[in-house]
Amino acid sequence: MVHWSAEEKQLIASLWGKVNVEECGAEALARLLIVYPWTQRFFANFGNLSSPTAIIGNPKVRAHGKKVLTSFGEAVKNLDNIKATYSKLSELHCEKLHVDPENFRLLGDILIIVLASHFARDFTPACQFAWQKLVGVVAHALARKYH
Amino acid sequence: MLTADDKKLIQQVCEKSSGHMEEFGAEALERMFITFPQTKTYFPHFDLHHGSDQIRGHGKKVATALANAAKNLDNLSQALSELSNLHAYNLRVDPPCFALQLLSQCFQVVLAVHLGKDYTPEVHSAFDKFLSAVASVLAEKYR
């Protein structure tokens, strides 16, 4: 089980409380598709992904980004049980979606950068540490049921 | 592969940041040491407290090298040749690219913190590619 200090829990919860899940989710997913264009392979049916502008404005990207980050909120609410929280999603990503787990790490890093750009100086080094740890734990949990 | 647009964006960011070299470099290092403590193993001889002269000095060195690389985007291998030797034979940061990737992440966080909305997806993409290319060149001579 992952150990979270009281400070880490506080840093995670307090930042999450200020996150606009719809906006940040949309932005994080859009950036994933822009910065690492090979990830578009998982979204062939999303329509126009031909340019950064198209990706950012794409309603399916926005909707899916919101879905992904909303799910991330489950980790924030269940820090002491992230493995169980993502058990089914892990199976889904392996068996149905066929996503290489390396992509979870990429999305995690992108989320960190989105948070940094929104919260600026409030995204302190201590905050980055806690969140980088969280995205790592989530990525690990999502990869756990792969076979 | 860096496109013409990427190169323009990278150079713009470096120009905008030119007065903040020491500050950005130091902050990137500090974030790296805090977020990824394993990177401290390369600096047992440093005072790693917040604001230390050594972090400031080293941060400036790193940022200046990156700024120089940004001015030589068509010839990164040559521009970084000495640093490539240093990292491969002396510093041997291990494994090639991985630890440098952690620094790259922290550098981008610093830029995102300071540029906010101006760290657009296009700029983000260009810079990520740039730092990847730099890390690759630095790792070229490892074996």
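Trainee: What volume does the largest pocket have?
Mentor: In this predicted model, the largest pocket has a volume of about 760 Å³.

Trainee: How many residues line the largest pocket, and which lie nearest its centre?
Mentor: The lining consists of 31 residues. Nearest the centre of the pocket are A:His64, A:Val68, A:His93, A:Phe104 and A:Leu107.

Trainee: Which helices of chain A each supply at least two residues of that lining?
Mentor: At least two lining residues come from each of α2, α4, α6, α7 and α8 of chain A. The largest share belongs to α4(A), with seven residues.

Trainee: What does UniProt list for chain A?
Mentor: The UniProt record, an unreviewed entry, lists "domain: Globin" for residues 3-147 of chain A.

Trainee: How far apart are the end C-alpha atoms of residues 3-147, and what are the percentages of helix and strand?
Mentor: The end C-alpha atoms of residues 3-147 of chain A lie 26 Å apart. The span is 70% helix and 0% strand.

Trainee: Now cavities. How many of 30 Å³ or more does the structure hold?
Mentor: The structure holds one cavity of 30 Å³ or more. About 100 Å³ of space lies in the largest cavity.

Trainee: Which residues line the largest cavity?
Mentor: The lining residues are in chain B, and include B:Val13, B:Cys14, B:Met21, B:Phe24, B:Leu66, B:Phe107, B:Leu111, B:Phe127 and B:Phe130.

Trainee: And which helix supplies the largest share of the cavity lining?
Mentor: That is α3(B), with three residues. Helices that each supply at least two residues are α1 (4-16), α2 (21-35), α3 (53-71), α6 (98-115) and α7 (121-139) of chain B.

Trainee: What is the average pLDDT of chain B?
Mentor: Chain B averages a pLDDT of 91, and 97% of its residues score at least 70. For the model, ipTM is 0.82 and pTM is 0.88.

Trainee: Changing topic: how many aromatic pairs are there over all chains?
Mentor: There are nine aromatic pairs over all chains. One of them joins A:Trp16 and A:Phe72, with ring centres 6.4 Å apart.

Trainee: Why is the pair of A:Trp16 and A:Phe72 called tilted?
Mentor: The planes of the two rings stand at 40 degrees, so the pair is tilted.

Trainee: Are A:Trp16 and A:Phe72 buried or exposed?
Mentor: A:Trp16 counts as buried at 18% relative accessibility, and A:Phe72 is buried with a relative accessible area of 10%. Buried means under 20% here.

Trainee: What does A:Trp131 form with those two residues?
Mentor: A:Trp16, A:Phe72 and A:Trp131 form one aromatic cluster.

Trainee: How far apart are the ring centres of B:Phe43 and B:Phe46?
Mentor: The centres are 5.0 Å apart and the planes are at 55 degrees, so B:Phe43 and B:Phe46 form a tilted pair. B:Phe43 is buried, with a relative accessible area of 13%, and B:Phe46 is buried at 18% relative accessibility.

Trainee: Which charged end sits over the ring of A:Trp4?
Mentor: It is the charged end of A:Lys133, 4.8 Å from the centre of the A:Trp4 ring.

Trainee: On to the backbone. What is phi for A:His98?
Mentor: A:His98 has a positive phi of about 55 degrees although it is not a glycine. Most residues other than glycine have a negative phi.

Trainee: Where is A:His98 found?
Mentor: A:His98 is in the loop between α6 (87-95) and α7 (102-119) of chain A, and counts as exposed at 53% relative accessibility.

Trainee: And what is phi for A:Ala120?
Mentor: Phi of A:Ala120 is near 45 degrees, also a positive value in a residue other than glycine. A:Ala120 is in the loop between α7 and α8 (125-143) of chain A, and is partly exposed, with a relative accessible area of 23%.

Trainee: Last, where is A:Pro37?
Mentor: A:Pro37 is in the loop between α2 (21-35) and α3 (52-57) of chain A. At 42% relative accessibility, A:Pro37 counts as partly exposed. A:Pro37 and A:Leu49 are 12 residues apart in sequence, and their C-alpha atoms are 9.4 Å apart in space.

Technical notes: Residues numbered from 1 in each chain as written. Chains lettered and ligands numbered in written order. Predicted model: local features only at pLDDT ≥ 70, side-chain atom pairs only at ≥ 80, totals over all residues. Heavy atoms only, no water. UniProt positions renumbered as here; feature names shortened; annotations may be inferred. Helix = DSSP H or I, 4+ residues; strand = E, 2+ residues; numbered from the N terminus. pLDDT = per-residue confidence, 0-100. Phe/Tyr/Trp six-rings, centres within 6.5 Å; stacked < 30°, edge-to-face > 60°. Buried < 20%, exposed > 50% of the residue type's maximum accessible area, 1.4 Å probe, protein only. Lys NZ or Arg CZ within 6 Å of the ring centre and 35° of its normal. 1 Å grid on protein atoms, 1.4 Å probe; cavity = no way out; pocket = protein on both sides within 12 Å on 5 of 7 lines; lining within 4 Å. Points joined across faces, edges and corners; volume = space filled by probe spheres on them.
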